[in-house]
Amino acid sequence: MPDTKAIAPTIVNLSGTYMIDRSSALKAELWAAIVGSDRVLVSLSLAEDLDLACLQVLYSARRFARATGKELRFVGSVPSRIVERLSSCGFLHGSPQRAEDFEAVLQDF
Amino acid sequence: MIDKFKAAFREEAYELLGQLEDTLLELEVQPHNSELINAAFRAIHTVKGSSAMFGFETISRFTHEIETVLDQCRNGVLSITKDFIGLTLIARDHLRKLLEYDEPPPQELANAGGGILERYRIFSGKGSIEAGKNISSGKTPEGTFSNEMAAATFRIFFKPDAEIFMDGTRVLNLVEELAGLGQATVFPHTESIPNLDSIDPEKCYCYWDIILTTTKDENAIRDVFIFVENHAEIRVERIVEAPLDEEGRSKRLGEILVDRGIVSAATLKDALSSQKKLGEVLVEKHVASKPQIESALVEQEHLKKVQDRTELGTGSIRVASDKLDALVDLVGELVTLQARLARTSLDLKDASLASISEQFERLIAQLRDNTMSIRMLPIGSTFNKFRRVVRDLSIELGKEAELLTEGAETELDKTVIEKLGDPLVHIIRNSIDHGIERPNERELAGKSRKGSILLSARHSGAYVLIQVSDDGKGLDKEAIQQKALERGIITPGQDISEQELYQLIFAPGFSTAKAVTTVSGRGVGMDVVKREIDSLSGSVTLGTEAGRGTLVTLKIPLTLAIIEGLLVRIADEYFVFPLSSVDGCIEIRKQELESLGDKRILSYREELVPYVELRDFFESDGESPQIQQIVITQSQDNRVGFVVDQVVGDYQTVIKPLGRMFRDIDGISGATILGDGTVALILDVNRLSLVAQKDGLRKMGRGV
């Protein structure tokens with residue numbers, strides 16, 4: 001019988017505003033999560049805004065996870081401010097609110 | 001004919017109401033999202049138009065009123081509130097009920113509709129009026145221009161320097177501002193972003209190709225970049241639009257690439273002489289990168305959209321599901337016929353017939369796979385309705401809960417998906433009712449006020465694993481034990497493992513709820529889940545941890561129509577094991593089997609595996625042969641062996657349901673017809689394994 005511990009992925013919760021000043025910390029957090037777990041779920045539900053520097057780190061983490069045979073995915077809902085911003089800047093096609101739709105339409109992710 | 005049109009209208013309306021529900025739930029989270037408001041308006045508007053066309057006047061009148069209110073929301077006169085969402089969800093449910101009837105609907109339904117509309121009138125009268133406030137995002141809606149005649153299209157290349165973040169420049173703000181100047185198609189290049197081990201998080205790696213159709217002039221575009229002119233490469237050029245060609249394209253890909261300076265005219269001419277697609281040739285020759293080609297294609301698409309505002313075809317058609325079911329039945333018949341042909345060709349020893357049979361077999365296999373793939377649907381279509389369940393139930397119970405989903409794109413046979421709906425609703429309802437604590441209890445336990453329920457799906461071989469996990473309080477072991485004692489399911493002092501104890505919640509009538517609510521407590525639910533999942537030849541398991549939550553895992557076969565099977569014989573009877581359950585086969589002499597005694601446990605790959613003699617189980621006639629075979633199966637993390645007379649081989653099995661008389665036979669899940677017309681029974685490995693385990697435990701307990 002599976003227990004919740006055995007299958008539990010590492011969840012990285014992004015909370016607040018993610019601008020250049022937090023990009024290095026975000027990189028470190030994602031690095032630790034990917035190195036320490038086969039499955040990393042990133043939740044943007046509580047993130048208020050996301051600038052290019054941190055977005056690049058998320059792309060980078062996804063590529064790193066793939067390259068090391070790990071999985072990095074988004075879960076939860078995606079705040080409308082982030083959807084609007086990324087949509088206007090061409091990273092998103094459509095207006096996905098759920099993480100899985102968001103991930104599916106995130107350009108080249 | 002009229003009925004046919006009405007049926008088509010109903011089908012479309014149900015789909016639109018499904019979309020409306022999703023949109024409303026999203027709108028609840030993002031009440032200011034103008035695209036969502038527009039989507040809700042469009043859904044209602046379309047239902048209104050079609051219902052009027054097909055004579056559903058009650059629906060038409062009802063939707064007209066809702067449309068009016070939605071239009072006010074669209075124009076910013078009324079704000080979207082939680083009450084409004086709740087009301088519109090009720091109206092949406094009411095429309096579904098109305099769709100079940102021809103005109104006129106029953107009086108009580110008409111009265112209920114009147115009540116809903118009255119609430120709308122109150123809403124629009126009392127609604128928080130914010131006159132003059134436009135809730136649109138400020139972006140120009142796609143396909144609309146204030147001065148279409150004066151609009152021009154520009155190609156903009158924007159590549160910030162790597163160090164641009166260091167002076168505080170917010171790059172995305174610039175791109176957003178630019179996109180806000182008109183109808184923009186923005187193509188970001190992300191290919192230069194390195195892996196996490198080599199990225200410098202303070203450097204910029206992205207750049208953009210932007211196609212902008214706007215009534216503004218070039219200066220207005222350049223003004224956007226006025227403060228970063230020295231920290232970025234910026235090119236702005238006006239695109240000279242050409243009339244659409246016979247394929248509806250404004251410009252060919254090659255022309256765009258030459259315009260962009262990516263390829264020369266000579267290289268283009270050379271590449272065009274190849275039979276391959278231009279983009280592929282240029283990428284192969286390293287003249288252009290894949291993103292450059294994609295970006296140019298995006299430009300082509302933008303130009304086409306601007307010039308020809310008709311929507312592109314979706315490349316798909318709508319087919320009635322009963323037609324698909326009929327197609328699968330026919331393929332099933334063909335598979336059966338092919339088995340007969342193969343058998344006949346073997347009996348006749350005719351080489352040419354054998355060759356035809358083989359070709360036929362290959363084609364049938366392709367046809368089977370194609371047909372089955374048509375029936376595969378993403379499970380996300382089912383996930384959507386659970387969001388509503390979570391919303392309504394958490395409000396009803398005074399809890400806060402959020403449904404997270406993962407793997408919505410996982411595909412499963414449509415029949416299986418249809419049957420999964422109810423069991424999943426039961427599980428999710430239980431999670432909210434029994435698992436997720438009230439917000440204050442969660443805070444006291446150091447958790448967030450809002451509980452999470454994660455619904456995930458993923459493929460695992462010939463199965464799909466669907467998991468529902470919550471971060472609630474977990475199962476109450478003591479309460480389950482107490483209830484089991486009260487109901488006499490276990491006796492005081494009985495040695496029962498934790499896992500066995502948790503499995504008791506699947507027993508009929510078992511509930512630990514202290515009070516019967518509309519949600520749970522009546523003891524119906526989890527036993528229904530188990531029964532439904534069993535009927536899908538699937539399995540359900542539970543995991544839990546006090547204070548951390550519960551995980552329910554459903555293991556469901558991908559399809560219920562045609563499976564790969566392992567054909568075996570016992571006396572004169574044939575049986576089929578689903579191949580996905582088979583782990584291996586071993587040969588055993590009769591004397592060896594007898595020497596294992598009554599414990600019926602053998603050693604397989606350094607593991608003690610219980611086995612069942614199917615000859616005994618089915619009370620078959622005659623003596624067993626001197627050499628028998630044991631089929632080792634894997635079911636719910638346990639291995640079990642089944643002794644058969646002979647393993648015939650793999651067999652494409654078209655599953656036929658058993659008639660009413662035979663439906664409840666333990667250990668049999670269906671039947672199939674063999675090439676010579678005889679019937680083979682399909683074994684239910686899960687059920688047989690349970691019998692084997694109970695039998696084995698009983699015998700071990702007796703010390704036999």
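Reader: Leaving aside neighbours within four places in sequence, which residues is Ile428(B) in contact with?

Author: This is a predicted model, in which local features need pLDDT of at least 70, side-chain atom pairs count only at pLDDT 80 or more, and totals for chains, interfaces and linings use all residues. Residues are numbered from 1 along each chain as its sequence is written, chains are lettered from A in the order in which they are written, and side-chain values use heavy atoms, without hydrogens and water. Contact means heavy atoms within 4.5 Å. By that rule, the partners of Ile428(B) are Phe386(B), Val389(B), Val390(B), Ile453(B), Leu455(B) and Val468(B).

Reader: Is Ile428(B) buried or exposed?

Author: The terms rest on relative accessible area with a 1.4 Å probe, protein chains only: buried is under 20%, exposed is over 50%, and partly exposed lies in between. Ile428(B) has a relative accessible area of 0%, and therefore counts as buried.

Reader: Which residue of chain A meets Glu176(B) in a salt bridge?

Author: A salt bridge is a side-chain nitrogen of Lys or Arg within 4 Å of a carboxyl oxygen of Asp or Glu. The rule finds four salt bridges across the interface of chain B and chain A. In one of them, at 3.3 Å from N to O, the partner of Glu176(B) is Arg81(A).
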